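Visitor: Hi, could you walk me through this one? I'd like to jump around a bit.

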Amino acid sequence: MKTKLLHLTILLICLYLVACVPASGGQASGAVTAVSPTQTTISTQTIEHAGITFTYDPDLLGDITIQDVPATANEGLFEQLTPAHTWFGFAPEGVQSDASNQWVLDHEAQVLVFNLHDFGSFAPSDARGREWIGKFQQMMAERPLTFYEEVPILPLLNAMQMFQAQVQWLDFENGFGVRFLTAYTQDTVPVSNERLVYVFYGMTDDGLHGITAVFPLAAAALPDTAPAMTEAEYTAFNQNYAAEMTAVTDQLNALANDDFSLPLSQLDALVQSIYIAATETDFPMTVLEPQQQQIMMDTDIFTSPTGDEVLTSLEAGEAVVVNATSQDGQRSRILCPDGTTGNCWLDTEAIEANGIQADPVFYTGSGMPEIDAVVEITVISGNNIYEGPGETYRLIGELKAGEVVSIFGADETEQWWAIECPRNLGLACWVVNDPTVNEPTGFFMGDGWQDITSEWVTFRVPGDWQLTAVTPGMGSVLADWYLGIPGVENDQSIAFFVPPFDQLMPDDVISEQPFAIGGQPGTKWVRGDEGYTSYDYYTAGTADTQAAGAGSFGLHVTVAEADPELESMLDMVAASIQFLPPPEAAETSLRFDHYLPFFQPTYNTLAGLVRYDAGWQLSSVLYPPDLDSIDSDYAPATDQMLSWNYTGGEGVGPGNLSTGALTLTDLTRHTNEVVVPENVVSAGWAPNGLDFAYILGTPTTYELHWRTANGDDKLLAVDVPHSLRVSPNGRFVAFTRESHYGLLNAVPGLYVVDIETGEETQVSSLDRAGYGGSGLAWKPQWSMDSSQLLLYATADDDRAPVPHEQGYVWAAVDGSFSHFIPDSVLLAQFDDPLSSPSNYRCLDVPLLFVADLLVGGVGECQPMAGGGPESSQPAIIALDNQTGTVKSAQFLPDLASVKLLAWDVPGESVLLLQGEDVISYPLP
């Protein structure tokens with residue numbers, strides 16, 4: 001069976017009917033220049049239809065197809081109405097004109113003329129349309145040549161303009177507007193000719209009509225198709241998106257009229273020739289927000305605000321929805337009885353005075369029992385809405401699968417429910433009481449379905465499904481389940497996903513409809529092609545729940561062919577989904593303002609400093625008792641800890657290293673989350689406490705990865721077996737390629753990699769000689785300004801070309817110097833007598849580091865004792881980066897029995913523990 005997975009990265013660049021923002025990137029804002037049309041001799045043909053006239057060159061644009069489309073308030077894709085409009089479609093040679101696409105600006109040459117007053121109608125997106133009309137009218141008054149945001153054209157599109165080039169304001173016969181070149185996208189992708197379009201958007205002088213003209217074209221400066229990119233190239237492009245779009249804008253602005261496949265002057269001539277005559281159905285009016293109203297007396301519905309032609313009649317007490325008034329206020333436009341937004345007018349005096357919204361009017365036959373046990377229903381599949389309790393009443397709309405509506409009561413038979421009217425459909429709304437289409441509270445109780453509850457979400461599945469929790473993978477985070485549907489071979493899951501919801505749109509959609517999941521907006525896609533049908537339900541509505549940050553949540557099943565019965569069952573499962581609210585934050589005694597990774601007052605504790613008004617206080621917390629870890633990294637910015645546990649057993653990778661799961665612990669909430677389930681060698685936080693780097697063992701190498709707070713994960717480097725540290729400015733990761741870890745082609749040394757660009761730099765040929773180590777003392781140390789690195793290197797035992805004693809690699813990130821300073825050279829600066837001839841002078845940790853300056857504790861160590869000195873005295877050591885030698889060294893004066901903790905002001909003062917007090921000590 002042919003199957004397709006929707007996990008992770010399926011992106012659809014579809015131009016539907018609601019504006020949305022790309023996954024990332026922004027609007028280009030480069031300067032634009034007006035382009036003067038060149039004079040070209042052309043053979044034109046005049047088109048006259050329904051009061052619309054224009055001329056065009058059939059040799060350039062081909063045959064023309066015309067279609068008049070009436071207004072409708074029926075909600076299609078993305079809840080977008082279709083206003084009354086006339087569509088002119090052009091078919092250049094070799095292109096088949098498709099009249100079904102008249103309201104989708106999808107790379108087809110077309111001109112749309114539409115009634116602007118239909119954007120005062122009844123669908124939720126109307127408000128956005130009215131807002132964009134107002135924005136464009138304001139823009140028309142200013143006529144800018146540079147735009148710093150999207151040009152607000154209609155129809156609304158489910159994509160964003162990547163840039164605007166060749167901007168020019170043009171007058172047409174009875175109005176004016178703006179033309180520009182752009183490309184539409186939902187993702188950050190390079191611009192190519194397959195996306196490039198000429199767009200003109202304008203309005204008539206009387207404000208009644210809008211014009212949108214779109215012509216796909218090609219430019220000599222652009223490639224025909226977008227180039228393929230590696231992950232690193234895509235990352236770089238994404239991060240420099242605004243600059244890339246500015247460069248494209250400048251390229252296109254520099255082109256001449258004939259540098260395009262369709263000369264801009266001829267397209268300009270077409271739109272400038274347009275004339276739109278007012279017709280008998282074009283009435284000046286004042287558009288209102290839709291209002292529910294009651295009819296106070298029997299009245300007729302007229303076809304115009306001034307005429308006497310009657311369409312039908314209404315009786316007193318009936319409900320209407322008003323969305324405009326005539327200029328003199330004598331008549332009001334309403335939603336027509338057939339559900340269209342056409343011209344249906346009532347005498348204003350027949351409508352309830354002052355425009356006050358009426359209370360709901362329900363069926364009052366022989367009584368309407370109250371339903372105490374049911375507060376609301378979740379719609380499982382499409383359900384018709386009637387004005388009364390029965391199909392003999394007028395059909396006024398439909399509840400969509402996944403919608404949640406409140407119930408007020410039932411009729412005397414309890415076969416019909418009175419519900420809160422959705423989408424301003426009327427004042428009395430009734431749906432059938434049918435458990436196969438509407439799920440009231442408790443509907444699944446005792447019905448043989450299974451309750452599934454996790455830490456983040458609850459849902460229900462039929463009892464014969466063999467649901468199994470699986471290790472999160474394929475883009476899922478937090479949790480993933482295999483549904484175990486009888487008769488379905490594979491490709492069935494319900495899971496959290498890393499990619500945001502708007503990045504999951506597939507390219508094989510058969511049908512699409514809004515579908516509320518967990519009470520949040522979502523989408524149901526039915527997808528398919530030869531040999532398969534997929535049912536997909538997705539939402540991003542986890543922001544205020546326990547699963548916040550998961551990206552999106554979805555249900556996905558693929559079968560060999562369409563299965564309506566299974567589809568209905570999946571509708572019910574999706575409608576049952578509920579996300580759990582976040583737990584109340586557990587009280588914690590402290591949150592470190594300054595972490596002390598080298599300080600451990602007692603066994604198995606985390607230590608840090610907490611800032612108070614009077615200064616600093618040393619505090620500690622017990623290492624989470626339910627976390628068995630050999631190493632960790634704490635982030636003061638978020639009070640979270642990364643830890644990794646070596647599981648033992650057989651090692652991983654060419655060096656046979658022990659690895660384990662990477663766990664994120666929230667010390668405030670006392671929660672643990674496994675973020676990488678296995679094969680992690682080491683990890684480290686970025687300064688923001690949200691992003692982190694980690695090393696992942698594979699059979700052939702060790703990979704250095706970068707993981708962002710939203711779950712984006714990218715490979716930074718390979719052959720990185722042990723040590724890493726993120727720079728204080730969050731720009732670089734320092735790491736070592738260690739000798740003798742089975743990495744035969746790796747070049748040992750100390751490296752940095754730029755997180756943004758992926759560019760590696762070797763700053764020293766020395767590494768740690770194959771002794772990786774798990775503690776912070778074994779890892780690269782950054783100067784506070786992120787310009788220099790310090791790495792403790794153990795004595796070499798024949799693994800380097802030139803053996804060396806133990807000491808410090810000291811190098812500049814920009815490659816301007818690289819030195820090795822042995823311990824003996826540093827300690828030789830201090831010649832105070834030892835207390836015992838058998839002892840030796842040694843350095844304590846931490847060793848604080850700023851550019852060209854070290855501060856560390858100098859003391860005595862006992863042979864074979866292990867660990868650092870029992871006591872030490874802080875000393876300051878100045879280094880010469882030209883020669884790699886010690887310029888000066890001295891003990892900090894007047895100090896005894898103190899412990900060096902951390903910088904207070906880097907390079908200027910340090911924090912010391914003196915007895916039980918934390919003091920700040922200025923450097924001389």
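Guide: Here is a chat about the chain, its cores, a pocket, a disulfide and a few residues.

Visitor: What am I looking at, and what rules apply?

Guide: This is a predicted model, where local features need pLDDT of at least 70, side-chain atom pairs count only at pLDDT 80 or more, and totals for chains, interfaces and linings use all residues. Residues are numbered from 1 along each chain as its sequence is written, and side-chain values use heavy atoms, with hydrogens and water left out.

Visitor: How many helices and strands?

Guide: The chain has 7 helices and 61 strands. These are DSSP runs numbered from the N terminus, with helices being H or I of at least four residues and strands E of at least two.

Visitor: What share of the chain counts as buried?

Guide: Of its 924 residues, 54% do. Buried means under 20% relative accessible area, exposed over 50%, and partly exposed in between, using a 1.4 Å probe and protein chains only.

Visitor: And which residues touch the most others in the largest nonpolar core?

Guide: Val111, Phe163, Tyr198, Phe215 and Leu252, out of 43 residues in that core. Another core lies apart from it, with 36 residues, including Trp449 and Phe553. A nonpolar core here is a set of buried Ala, Val, Leu, Ile, Met, Phe, Trp, Tyr and Cys residues joined through side-chain atoms within 4.5 Å.

Visitor: What does tyrosine 198 contact?

Guide: Leaving aside neighbours within four places in sequence, its contacts include Phe180, Phe215, Leu264, Leu267, Asp268 and Val271. Contact means heavy atoms within 4.5 Å.

Visitor: Why is helix α5 described as largely enclosed?

Guide: Because 7 of the 9 residues of α5 (residues 264–272) are buried. Among them are Leu264, Leu267, Asp268 and Val271.

Visitor: Changing topic: how much space lies in the second largest pocket?

Guide: About 990 Å³. A pocket is an open set of points on a 1 Å grid over the protein atoms alone, with protein on both sides within 12 Å along at least five of seven lines, and lining residues have an atom within 4 Å of a point. Points are joined across faces, edges and corners, and the volume is the space filled by probe spheres set on them.

Visitor: Which lining residues are closest to its centre?

Guide: His594, Tyr595, Pro597, Arg725 and Met784, from a lining of 36 residues. Strand β59 gives the most to that lining, with 5 residues.

Visitor: How does the lining divide by residue type?

Guide: It has 27 nonpolar, 4 polar and 5 charged residues. Ala, Val, Leu, Ile, Met, Phe, Trp, Tyr, Cys and Pro count as nonpolar, Asp, Glu, Lys and Arg as charged, and the others, Gly among them, as polar.

Visitor: Which cysteines form a disulfide?

Guide: Cysteine 842 and cysteine 861, with sulfur atoms 1.9 Å apart; a disulfide is a pair of cysteine sulfur atoms within 2.5 Å. The link is right-handed, with 85 degrees about the S-S bond. Cysteine 842 lies in strand β54 (residues 840–843) and cysteine 861 in β56, so the pair ties together parts 19 residues apart in sequence.

Visitor: Are those two buried or exposed?

Guide: Cysteine 842 is buried at 7%, and cysteine 861 is buried at 5%.

Visitor: What about glycine 856?

Guide: Glycine 856 is in strand β56 (residues 853–861), and counts as buried at 4% relative accessibility. Beyond four places in sequence, glycine 856 touches Pro846, Leu847, Gln873, Pro874, Ala875 and Leu900.

Definitions and conventions
On a 1 Å grid over the protein atoms alone, a cavity is a set of points where a 1.4 Å probe fits but cannot get out, and a pocket is an open set with protein on both sides within 12 Å along at least five of seven lines; lining residues have an atom within 4 Å of a point.
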